[in-house]
Structures are given as structure tokens and as C-alpha cells.
Amino acid sequence: MMMPKNRIEVTGWLAAKPALRYLPSGTPVSTARMGETYSYVSQGKNEQHTNWHSLSFYGDSANLAQTFDKGDHLFVEGTLEQRQFRPADGSKRMIWELIVHSCHLISDPRPRNANMPPEKVTASNGPDQEDWPVG
């Protein structure tokens, strides 16, 4: 029997500093948007397209995400989750988000202590469904 896999790897640049908040359970969660741009040729013209990804970092990785800033180039690995919620207006919304399990800073122009190893975190399998952030 083949086991299904839900794994995604993306490199891109953060659109803004990740936002930190806490779930009712006390679990820290950081959220951010990351863009990955690719180039292609269409009808003889060079074109570019940017895909935007919603990232959610939980637990230890949420704290690590707070060290990142707008424009940082990241490699993230995680699972793609789809969820539905109802905002204050009562409408039904569906979003896709990448639940980050591990993350690497690819390049960082800020000075760092030379004795510090590259930053990496591996989180748990993510939050329970009742802990999912709304919005």
C-alpha cells in the first residue's frame, strides 16, 4: 500500500517581517507571506511571474521566524494545508497555507556572530486542528 505524501519545498523572499501571536493553547505562531519569482519566455518575450505563499510557523519555529525580516531569502519545507473559516462578516473563506516544518536562511546581509551555526529548526508535525489560526 502506498502512503500519501504532502511535502512542499519552496525558496523565496519574505514580503514583511513575520507577525507573532499566541493560540488559546499558548502555542506561539508566526505568519508571513513569501514570494517566489520565476522567469519564462512567452511569444518571444521574457516574462516573470511571482507566486505568493502564506507561511505558518508553530512552536520553536515561530520563535525562529521572529529573527527574519522583510526581504530575507529563505528555503522552507513543510506541508500544504487547506482550511476554511468564517471572518466577522459571516462569509465562508478557504485558504491554503504552508505549515513550515524546517527553514533555512539562504542569505542574510546582516552581520552575525561567526561562531553561530546556520539557523535551522525542525518543528513538530504542526498544530492540532482546533489550534489553527483564524485568518
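Colleague: Does Glu 9 count as buried, partly exposed or exposed in this model?

Modeller: The model is a predicted one. A residue is buried under 20% relative accessible area and exposed over 50%. Glu 9 has 45% relative accessibility, so Glu 9 counts as partly exposed.

Colleague: Which residue forms a salt bridge with Glu 9?

Modeller: The closest N and O atoms of the pair are 2.4 Å apart. A salt bridge needs such atoms within 4 Å. The partner of Glu 9 is Arg 7.

Colleague: How exposed is Arg 7?

Modeller: The cut-off for exposed is over 50% relative accessible area. Arg 7 is exposed, because its relative accessible area is 57%.

Colleague: How many residues apart in sequence are the parts that Glu 77 and Arg 7 tie together?

Modeller: The side chains of Glu 77 and Arg 7 meet in a salt bridge, at 3.4 Å from N to O. Glu 77 lies in strand 5 (residues 73–85), whereas Arg 7 lies in the segment before strand 1 (8–14), so the parts tied together are 70 residues apart in sequence.

Colleague: Is Glu 77 buried or exposed?

Modeller: Under 20% relative accessible area a residue is buried. Glu 77 has a relative accessible area of 16%, so Glu 77 is buried.

Colleague: Which residues are linked in a network of salt bridges?

Modeller: Arg 7 forms a salt bridge with Glu 9. Arg 7 also meets Glu 77 in a salt bridge. The network is made up of Arg 7, Glu 9 and Glu 77.

Colleague: How many salt bridges does the structure hold?

Modeller: Two of them have been described, Arg 7 with Glu 9 and Glu 77 with Arg 7. Another joins Arg 83 to Glu 97, with the closest N and O atoms 2.8 Å apart. That pair links distant parts of the chain, Arg 83 in strand 5 and Glu 97 in strand 6, 14 residues apart. The number of salt bridges is three.

Colleague: Are Arg 83 and Glu 97 buried or exposed?

Modeller: The limit for buried is under 20% relative accessible area. Arg 83 has 5% relative accessibility and so counts as buried. Glu 97 has 4% relative accessibility, so Glu 97 also counts as buried.

Colleague: Which residues is Glu 97 in contact with, leaving aside its neighbours within four places in sequence?

Modeller: Glu 97 has its place in strand 6 (residues 93–107). Its side chain is joined to that of Arg 83 by a polar contact of 2.8 Å. With the sequence neighbours left aside, the contacts of Glu 97 are Ser 54, Ser 56, Thr 79, Leu 80, Glu 81 and Arg 83.

Colleague: Why is the pair of Tyr 38 and Tyr 40 called tilted?

Modeller: The count of aromatic pairs comes to one. The ring centres of Tyr 38 and Tyr 40 are 5.9 Å apart and the planes stand at 40°, so the pair is tilted. Planes under 30 degrees apart would count as stacked and those over 60 as edge-to-face, so the class that remains is tilted.

Colleague: How do Tyr 38 and Tyr 40 count, buried, partly exposed or exposed?

Modeller: Tyr 38 has 39% relative accessibility, so Tyr 38 counts as partly exposed. Tyr 40 has 37%, so Tyr 40 likewise counts as partly exposed.

Colleague: Which residue in the turn between strand 2 and strand 3 has a positive phi?

Modeller: Strand 2 (residues 19–22) and strand 3 (residues 28–42) pair in the antiparallel sense over four bridges. Arg 21 stands opposite Val 29 in strand 3. The two strands form a hairpin with five residues between them, and the residue in the turn with a positive phi, of about 95°, is Gly 26.

Colleague: What pattern does the protein follow along the sequence?

Modeller: The protein has one helix and seven strands. Read along the sequence, the pattern is β-β-β-β-α-β-β-β.

Note on methods
Residues are numbered from 1 along each chain as its sequence is written. This is a predicted model: local features need pLDDT of at least 70, side-chain atom pairs count only at pLDDT 80 or more; totals for chains, interfaces and linings use all residues. Side-chain values use heavy atoms; hydrogens and water are left out. A polar contact is a pair of N or O atoms within 3.5 Å; within protein, one must be able to donate a hydrogen and the other to accept it, and residues adjacent in sequence count only if both atoms are side-chain atoms. Contact means heavy atoms within 4.5 Å. Rings of Phe, Tyr and Trp (its six-membered ring) pair if their centres lie within 6.5 Å; planes under 30 degrees apart count as stacked, over 60 as edge-to-face and the rest as tilted. Buried means under 20% relative accessible area, exposed over 50%, partly exposed in between (1.4 Å probe, protein chains only). Two strands pair if DSSP finds at least two bridges between them.
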